[in-house]
Amino acid sequence: MSEKKVVVYGASGYTGRLICEYLREYHVPFVAAGRSQDKLESAMATNVAGIETADYEIRTVDHDVESLAELFDGASVVCNTVGPFSTLGPVVVEAALKAGVHYTDTTGEQDWLIDCDENWGAKFAEKGLLLSPGIAQMYTTGEIAAQLCLEKPGLDTLDIAVFWGGSPTIASTETILVNAASSAAHYLAQNAYVAWDPGQGLVPLVVPGQHDLALSLPWGGTSHPVWFKRDPRVANCKAQGGVFNAALMNGVPQIVAGALEATKDMNDADKAAALTATARQVMDQMPPRENPRVNKSLDSVHASGPLGRAHCVIHGNSNYKQTGLMQAYAAYSLLQQPPRRAGFASGCQAFGHHELLGVLRTFGLVSPPVLTTQD
């Protein structure tokens, strides 16, 4: 049990470090938790800017419900960065519910969001607790753009594109492969989940602000169709995205297809080990700290209805910093007031899209949204 109210689980990872960094900016004491004392000490000492002025403690913990619930006892919020979430997340969510703490994570695994919504959301709501998976740049910044479009009444269809510069981390690469191997990607059509064609391949998209087309994938279906399934304004939602690097994007379908073929007859344990090994062949080292001139982000949402249109574009930088900041702000906000919605909810549904946009703008991570509408 700790007197500190925020636990960052997976604090030694790339995103976990950034959450700790921004918790420091908000003057929020925190527990940096994980399985390795050495990795946690090294990460805090060398990878978290300004750590000498942070109020924190390091705690190691086993990945089981009892151990995590004991760690969470006395806290108010856990920010979970330990994935793949579809396999490792249930233990953390169960521990959070048992300890009575709010839960957020950085996932984009659509099957995990659906699991949270259908199997855990009501249980968290009964206790007045927030269950908010997927608070991250690749999902929440695009959701902000979608919510701005939906301020115009009469729109029921969302077409979402998310792109970023740079490469995914080791953990993100592994999550992509595990998710592709274990579940289908879905979009929302007339309030029902519909599976993307797995053989669709890369799709070129027009990207605002540049002449070149960008290559996209459904990217596991993303969080958006799950979040908007319970929004009465929205009947249809598709999301696609990728990195600006065309060479890297061209290689993704081949890497995923090869991994799936190589592991199709393996048991779960062997498959997980093989996918982890494949992920490390793609990305085997921690990326450098983000450079805003290189690590750019772009979120574009076309919203339409029978008699109207809206389009919102948000240009930004440093997508992992955006993720770390929004996670830290979520914890900071939950320490002071209840979420707007208890149970399963997106970042915007829990904290407000204007509020989250203001946070990103305050720290210089996104430009003012460009919003156009027509009747």
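This is a predicted model: local features need pLDDT of at least 70, side-chain atom pairs count only at pLDDT 80 or more; totals for chains, interfaces and linings use all residues.
In soluble globular proteins, nonpolar side chains tend to be buried together. Here the largest nonpolar core comprises 100 residues, and the members that touch the most others are Phe72, Tyr103 and Leu158. The surroundings of Tyr103 can be listed in detail. Once residues up to four places away in sequence are set aside, Tyr103 touches Val78, Asn80, Phe85, Val92, Val93, Ala96, Trp112, Phe124, Leu130, Leu131 and Ser132. Another core, of seven residues, lies apart from the largest one; its members include Ala161, Leu205, Ala214 and Leu298.

Helix α2 spans residues 37-47, and its buried residues are Leu40, Ala43 and Met44. Viewed down the axis of α2, these buried residues fall within an arc of 90°, and they therefore line one face of the helix. An α-helix has 3.6 residues a turn, so residues three or four places apart point the same way. The partners against which the buried residues of α2 pack are helix α1 (14-25) and the strands β2 (30-34) and β3 (56-60). On the other side of α2, by contrast, Asp38, Ala45 and Thr46 are exposed.

Helix α1 also contains Thr15. Is this residue, Thr15, buried or exposed? Its relative accessible area is 12%, which lies under the 20% limit, and Thr15 therefore counts as buried. With neighbours within four places in sequence left aside, Thr15 is in contact with Thr81, Thr106, Tyr320 and Thr323.

Conventions:
Residues are numbered from 1 along each chain as its sequence is written. Side-chain values use heavy atoms; hydrogens and water are left out. A nonpolar core is a set of buried Ala, Val, Leu, Ile, Met, Phe, Trp, Tyr and Cys residues joined through side-chain atoms within 4.5 Å. Buried means under 20% relative accessible area, exposed over 50%, partly exposed in between (1.4 Å probe, protein chains only). Contact means heavy atoms within 4.5 Å. Helices (H or I, at least four residues) and strands (E, at least two) are DSSP runs, numbered from the N terminus. The arc is that of the directions from the helix axis to the C-beta atoms.
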